[in-house]
Amino acid sequence: MNVEAVWLACAVAAALAAVCGIALGLAASRLPPATNRLVEQIDALLPQTQCGQCQFPGCRPYAEAIARGEAEIDRCPPGGETTVRALAALLDRPARPVDPAYGTTQGLRVAVIDEERCIGCARCLPACPVDAIVGAHRYMHTVLAEQCTGCELCVAPCPVDCIAMRPVTVAAAARWTRAA
Amino acid sequence: MRFDTSPAPHVIAGYSVPRVMFQVLLALVPVAVVQVVVLGPGLLLQVAVASVTALVCEALALRWRQRPSLPTLRDGSVLVTAVLLASSVTPLLPWWLTVLGTAFAVLLGKHAFGGLGQNPFNPAMVGYAILLVSFPAEMTRWPVPFGVDDSHGWGELARLTLTSFYGGAVDPAWDGYTGATALDSIRNGLEQRYTMAELLARGEVVGTLGARGFEWINFAALAGGLYLMARGIVRWQIPAAVLAGLLLPALVAHALDPGAYLGPLTHAFAGATMLGAFFIATDPVSAATSDRGRLWYGAGIGLLVWVIRTWGGYPDGFAFAVLLMNVAVPLLDRYTVPRIYGRARD
Amino acid sequence: MTTRNEFPSGLVLDAHKQPVAAEPILDVAPPARLRFALDQGSGVVLEPAVAVGDVVAIGSVIARPSDDFGAVLHASASGRVIAIESHDATNDDGGPCIVVENDGRDTPDPALPRGPIDYTALDPATLVDRLREAGIAGLGGAGFPTATKLATARARSARRLLLNGAECEPWICCDDALMRAEADDVVLGGRVLMRALEAESCVIAIEDDKPAAIDALRAAAQSAADTITVEIVPAVYPQGAERQLVTAVFGVEVPARGLPADVGVTCQNVATAAAVARWARSGVPLVTRVVTVTGSGVSRPLNVRARFGTPLATLVEAAGGYRGEPLRLIAGGNMTGRALATDEVGLTKSINTLFVATHQDLAARLAAVEVACIRCGNCADVCPAGLLPQEIHRTALARDADGAVRFGVWDCIDCGCCDYVCPSQIPLALRFREAREWLRERDRAAARAAVARTRHERRERRLQEAVAAEQRAFDVARQQARGESAPTDPGTAT
């Protein structure tokens, strides 16, 4: 065997190793460190409805479960396809439709209390995950539409079924900019 | 009075993909004419076989993908792929290899990625590369150009073409009519320790300007390419960069050691140079999309062609150069985004 | 900020203007009934200032904006308010409107000043307020209140006034006709606006395909040649887009997401300047405008001066009525105009053109079959914002928000040049509008989510604290109870 060729091969391998090592070293020092911010990143993509449809008590617990690899990314009906896509991109998993077992995706809806029928029992107040229902015992309650996430958790506790979910129509502000 | 509504703008120029493709086909006519004169009628057979195969494959693929077939079949893009492939292969190629190459081009090169507009690789070059690596002997057997030696006329070329096209055994008496292309024989000659001067002196290799016979095909391709440029279908960036990327290294190397390296003029008018620069590298779908990106893309192709021609194992490197640069396109696109009005360059 | 003499590319389009622009501007007789849309085109819905049954006169305020982004609206005829419709049944765009029955007497509002306004005696800030009260709004098509623009420019010390007479869009020639017929008014308006801005200079920019307008304005501006100059710009669409014109005239780019005021320029349309002059000469607020009525679908294309609220059908009649088979009624030019659903709506401040299109005008668009993008780059070649529309299209299609923003979906000026040249016949401008709407929706959802997250976290914390407090109280109570019963042995008692 040609000794020269062996030396050459060794030299090439060593040079390659050196170049790759330097490159990796540079990358490690220049690029941001891979900290364990995954839960925050996942949580940021969830719609924060806090509805519990994913069978976790809120968005953050679901995010933690996803981060631990204990839950699939297809459990969030309020987020729908957009959220699944975003999660899939973040986690490098295949996107898929939302599992219908956890509910169906609908547009944003907010709870509305029929004030005629509300008896002021205050049972809906603790159910709201974002404190968006104001009222007190024996006084009529009302929902802060701006803060309501549409989680529907207040609907079940109401003994007189006076809470309804109404779709929110966002005024389509499609304006046409013009030239001249 | 009531009216229907529709979004602005309400008028368009009415350019269309079929029209673009038709212009490309039109610009290929001179290439076809000259090639038929110089290399015999094989091209016409290749074009016919490739076109039919391409249309059938496209129709099948659309059917499998459950897409409407008529608008796509009519857009002419698959015909351009077929004709480019047919113009790139040797006119002596047996018909079943043409079918195979075209089928790969359309099915693997185009539809496997999602059809028109989605293919990362130039489909014609996918087909060409597959043929070249699988059937190197058939792919590199070219007719000796008409007029290179006096022993055969166009009639013999035609008969040779037909026999070879149908896959029949070629009469040993016709051995003199087939051979390697100029680029190929020069590389082989250099490997056999002939000097460049000896090779060039043989006469059958280099003609007036470039590779004997092929120089005229390249001229026709140049003419067609300039026509496309004039019609605004091809922009100058890619062809200019391809030629610069190929000819500048050739010029430098030739100046340093004329005995080992072909001169730029021979490179410019040999092999698939002009066809590649104006018709193949310019396929917009698989090329870089910004002006600056196109310059890098073309220069990369040109340089790779020169490298492959000079040191590679294949006679002409266009297919591989284009495919390699196709891979680089997402990277080029990412780093060559032009500055947006009102924004600082980032 | 970088300098560049011209904006990138654009389109040279067939203008379809000259014969019409040379004809005199026809005054349209006031109709028996006027409909004043509460959205005059700037996107702000005004609050009615009158009630049904009120008597109004020319120049009476009938609606006011609730913020600075709408312009005061005045009655353009005298008569009675017979209806305020919350939803205009004739209007598919759903805008509310005020209907006024014209008594035909054309009484001016007694509260209006009589005779010309001595604008030189007014201090600039007051002059801006007076322009606001006069309802002056951008007549180039945006309908944006001029006073607000002037106030912004004053706040940023933008001391260069640019009067936009480019009028780049095909078929539109109302500004051309106005510049020819009322050049003195344009110059006078320029002076008033300069006073309001305390401007140092005023440039009137006109495209080179309007030589008559250029001559007329040069003659009119002669007396003020030291401060008011006429600049000729090439006839390229969209030369009249504000940013592009600023670049063409001053060689500087308006920063992305910024305003011309950021580079010291305020841009006003020449028609707006002429409207300012009318007000300054008479004291009557903005109640009329010049409109081009054109297209293959009208018998005799021409420019008309009409009162706001005049039904669009009346304008078409003034142009000889419909001809052939009109397919679209477009408010604005054929590149950026909005197709209206009916001709029964009233003229607004932002309608500069009525383009009645027939099959002849729309043939290519109507026959368009969209196919996949082949990345040919035609769109990038013509994009006046220097974008790669093919890449925005690709990212928007993939719902890649970051990509679309990076490639400049917000820098798109919606001029439609890319649509025009696309061989794949993709409705790119529409796609980009949809993408922006989708991005806005996404931002709204993100904002909502952020609020919900904070509220939820606070609530969780509060609940935890409540539990902890209870536990502490319990512990203390237990401690005390033990202290009384078994003070010597706290460790074993459970």
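# Exercises on a predicted three-chain model

Chain C has 15 helices and 17 strands, where helices (H or I, at least four residues) and strands (E, at least two) are DSSP runs numbered from the N terminus. This is a predicted model, in which local features need pLDDT of at least 70, side-chain atom pairs count only at pLDDT 80 or more, and totals for chains, interfaces and linings use all residues. Residues are numbered from 1 along each chain as its sequence is written, and chains are lettered from A and ligands numbered from 1 in the order in which they are written.

**Exercise 1.** State the extent of chain C and how much of it is buried.

Solution. Begin with the C-alpha trace of chain C, which spans about 110 × 60 × 50 Å along its principal axes. Next, apply the burial rule: a residue is buried if 20 or more other C-beta atoms lie within 10 Å of its own, exposed if 12 or fewer, and partly exposed in between, with C-beta atoms placed from the backbone. Of the 494 residues of chain C, 56% count as buried.

**Exercise 2.** Find the edge strands of the open sheet of 4 strands in chain C.

Solution. Two strands pair if DSSP finds at least two bridges between them. The strand order in this sheet of chain C is 2-8-7-4, with antiparallel pairing. Strand 2 (33-37) and strand 4 (55-56) of chain C each have a single partner strand, so they stand at the edges and one side of each lacks a neighbour in the sheet. Between them in the order, strand 7 (residues 79-85) and strand 8 (residues 97-102) of chain C pair over 6 bridges. Arg80(C) has Glu101(C), in strand 8, as its bridge partner.

**Exercise 3.** Describe the burial and the partners of strand 9 (residues 160-165) of chain C.

Solution. First, count: 6 of the 6 residues of strand 9 are buried. Then separate the faces: Arg160(C), Leu162(C) and Asn164(C) lie on one side, and Leu161(C), Leu163(C) and Gly165(C) on the other. Finally, take the partners. Strand 9 of chain C pairs in the parallel sense with strand 10 (residues 201-207) of chain C over 6 bridges, and Leu162(C) has Val203(C) as its bridge partner there. Strand 9 of chain C also pairs in the parallel sense with strand 12 (residues 265-269) of chain C, over 5 bridges; here Leu163(C) stands opposite Gln268(C).

**Exercise 4.** Which residues have the most contacts inside the largest nonpolar core?

Solution. A nonpolar core is a set of buried Ala, Val, Leu, Ile, Met, Phe, Trp, Tyr and Cys residues joined through C-beta atoms within 7 Å. The largest has 261 residues, and those with the most contacts inside it are Val186(C), Ile204(C), Leu217(C), Leu315(C) and Leu354(C). Helix 1 (residues 17-39) of chain B supplies the largest share of this core, 10 residues. Apart from it lies another core, of 15 residues, including Cys124(A) and Ile163(A).

**Exercise 5.** Check the length and the burial of helix 6 (residues 123-134) of chain B.

Solution. The expected span is 1.5 Å times one less than the number of residues. As for burial, 9 of the 12 residues are buried, so helix 6 of chain B is largely enclosed by the rest of the structure. Among them are Pro123(B), Tyr128(B) and Leu132(B).
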